[in-house]
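Visitor: Can you walk me through this one? I'd like the contacts between its parts.
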Number of protein chains: 2
Amino acid sequence: MPTIYEVAAAAGVSPATVSRVFNGANVSPEKAEAVRKAAKALAFTPSRTARTLRLQSSEVIALVIPDIENPFFTALARGVEDVARAAGYSVVLCNTDEDHDTELRYLDVALSANMAGVIIAAAGGNSDLSGLIARKCPVVAVDRSPHGVDVDAVIVDHRAGGRAATQALVEQGFQRIACITGPSDVETATQRADGWRDAVTAARPVDERYLRYADFRAEGGAAAMSELLALPEPPDAVFVANDLMSVGALRVLSEHSKLPPATGMAVFGDLPFLPLVPIPITVVHMPARHLGTTAAKLLLERITGDDQPARTIALRNQLTPVN
Amino acid sequence: MPTIYEVAAAAGVSPATVSRVFNGANVSPEKAEAVRKAAKALAFTPSRTARTLRLQSSEVIALVIPDIENPFFTALARGVEDVARAAGYSVVLCNTDEDHDTELRYLDVALSANMAGVIIAAAGGNSDLSGLIARKCPVVAVDRSPHGVDVDAVIVDHRAGGRAATQALVEQGFQRIACITGPSDVETATQRADGWRDAVTAARPVDERYLRYADFRAEGGAAAMSELLALPEPPDAVFVANDLMSVGALRVLSEHSKLPPATGMAVFGDLPFLPLVPIPITVVHMPARHLGTTAAKLLLERITGDDQPARTIALRNQLTPVN
DNA sequence: CTTGATCGTGAAATCGATTTCTGACAAGGT
DNA sequence: ACCTTGTCAGAAATCGATTTCACGATCAAG
């Protein structure tokens with residue numbers, strides 16, 4: 001890797017002048033030209049490492065997500081990328097695999113690598129953002145707003161989404177509507193279940209046996225569905241609180257020959273393969289990409305010095321009745 | 001952010017000693033203890049930026065992929081991550097969105113940020129790895145081996161996979177087997193088609209009208225399937241060369257009420273939702289995760305100084321006849 | 001008791017860019 | 001002719017870690 005000194009020597013100027021050429025300061029046209037030629041000849045690229053050390057900040061933002069294999073988060077990542085790239089920032093994706101230690105390690109990396117900011121989708125439990133806050137590193141939470149700390153957040157109204165989905169099942173005439181949601185210690189899970197409860201109680205008393213806490217993954221959805229079908233009076237419809245669990249639930253229903261429309265189903269989150277097979281399911285679309293673009297815009301504002309009090313932005317879900 | 005100097009001052013030692021404590025050199029127990037206490041009290045984290053500048057390398061590897069929303073690449077990323085993390089490296093994901101300029105920009109970042117190495121899955125056309133090679137930055141290509149440059153590569157045998165998939169259709173008794181593959185300028189696409197041709201010619205002469213070049217995306221698969229069905233003598237089976245295109249093809253078949261088993265289908269690549277619906281499809285599994293772990297291991301070897309001539313490792317696909 | 005090997009430590013150089021400081025020089029106003 | 005104002009460019013400091021070098025102290029071998 002050629003350095004700024006070698007370019008300076010080749011062009012017959014000082015390193016300061018080379019730096020000025022690359023950063024748009026006043027340099028005479030002849031020297032600027034000489035520098036550019038020398039830089040090209042040597043295939044010079046300024047060291048980001050040195051630049052970052054000197055400036056104490058870089059044009060890189062960290063996006064910390066819990067599961068890179070979940071389409072929701074990759075769509076969100078695309079949104080973040082679009083906005084960040086347009087503003088000249090690079091995005092590095094950090095996959096925590098739902099693990100708090102890993103998450104902490106990545107936040108540490110973001111700090112010690114002088115990254116410009118962090119967008120974090122913390123999956124389960126509470127995340128420790130105190131280090132970032134203490135060091136005044138810009139942070140935006142996305143998908144769920146963390147407990148205790150006061151940071152910008154971009155979320156969807158999980159309760160309203162759960163309510164709308166369940167309401168659709170009520171309107172389709174189903175009588176015994178169950179709910180499969182995520183872990184009871186994850187707020188997005190309980191909020192979606194609250195929405196289910198809202199819509200069900202409006203129609204009739206809630207039977208809490210119809211509420212199952214699973215793990216937001218396909219296997220958990222399958223297990224919960226099996227339990228529900230084993231009840232003395234099995235439900236005739238189910239609201240499933242995320243996309244992956246619905247895959248498991250559908251598999252079990254298929255084994256019992258009870259696929260929709262025999263059983264009513266509403267799902268929170270997108271099912272990319274749904275148009276493929278003619279199964280009538282009500283879907284509450286998550287505006288994943290939009291979540292990402294909004295979070296990125298907020299972060300960029302913070303990076304450029306905005307220091308108004310923290311904001312929370314709630315996006316709307318869009319309901320697609322049945323397909 | 002506290003620095004090593006502040007820790008040194010607080011502990012009553014020199015910065016050199018603080019560095020030695022954190023890097024396992026010889027330091028007396030008392031001073032080491034004092035340093036550790038001071039570091040803890042100040043919540044000191046060594047600056048990776050400064051460290052990287054001094055050492056001219058960091059424990060970060062770049063994984064450059066063309067489409068973060070494709071499950072194949074995210075599974076591959078998980079494989080890379082698993083191995084890298086175990087070896088103490090962080091992985092940053094760079095999504096090129098199939099764009100050559102973006103790809104080049106990311107490779108540039110990897111170099112100028114002194115990353116330890118690069119794993120690249122270049123989607124279309126040829127990628128310019130010359131910068132990395134010239135700077136002796138360790139590189140491993142994955143999924144396809146780039147033209148012209150001689151680097152380590154981990155690939156699957158596309159031709160053999162295509163042949164096996166088509167062969168399965170032949171054995172199921174289908175007579176007119178078509179092929180929908182990717183763009184004709186992408187090697188993985190033509191190789192899979194070659195496999196199809198191998199298996200078909202073994203049985204009877206190839207009808208080239210049954211070969212369609214599409215775009216590796218769902219829409220292209222749908223369009224190609226429509227064209228095939230519009231032929232005077234439509235095929236009774238089809239080999240589809242990637243997962244996303246099969247989604248489109250299935251949609252069209254569904255509209256014509258010709259879903260498998262009415263039409264034979266074999267697909268190159270995993271279909272996560274397949275267990276869900278009882279459609280009999282032959283699947284050639286891509287060992288995506290294994291591809292990632294293997295590439296990461298090769299890269300780590302290179303990083304630790306292995307400089308034997310470049311290797312190419314071809315993994316096997318696994319065939320699942322019908323489900 | 002000497003020689004020399006080893007250990008612990010701090011001072012200072014180093015990585016490669018940016019930026020302040022300073023000086024040289026030219027143009028313009030009185 | 002003199003002062004002001006401005007532009008251009010180099011020398012040197014700076015960011016925060018690592019590491020070489022040098023030096024004193026300790027300890028074992030002869």
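Predicted model: local features only at pLDDT ≥ 70, side-chain atom pairs only at ≥ 80, totals over all residues.

Visitor: Fine. How many residues of chain A are in contact with chain B?
Guide: There are 37 of them, and they meet 37 residues of chain B.

Visitor: Which elements of chain A supply at least two residues each to that side?
Guide: Four helices do: α4 (48-55), α5 (71-86), α6 (100-112) and α11 (243-255). The strand β2 (90-95) does as well.

Visitor: And which one gives the most?
Guide: That is α5(A), with six residues.

Visitor: What is the make-up by class?
Guide: The side of chain A that touches chain B has 20 nonpolar residues, ten polar and seven charged.

Visitor: Why say the copies meet through the same surface?
Guide: Because 100% of the interface residues of chain A are also interface residues in chain B.

Visitor: Now the DNA. Which residues come nearest to DNA strand D?
Guide: Out of 29 residues around DNA strand D, the nearest are A:Asn26, B:Ile4, B:Ala16, B:Ser19 and B:Ala50.

Visitor: Which elements supply at least two residues each there?
Guide: From chain A, α2 (15-23) and α4. From chain B, α1 (4-11), α2 (15-23) and α4 (48-55). The most come from α2(B), with six residues.

Visitor: And the classes near DNA strand D? What are the counts?
Guide: That surface has 15 nonpolar, nine polar and five charged residues.

Note on methods
Residues numbered from 1 in each chain as written. Chains lettered and ligands numbered in written order. Contact = placed C-beta atoms within 7 Å. Nonpolar A, V, L, I, M, F, W, Y, C, P; charged D, E, K, R; others polar. Near = placed C-beta within 6 Å.
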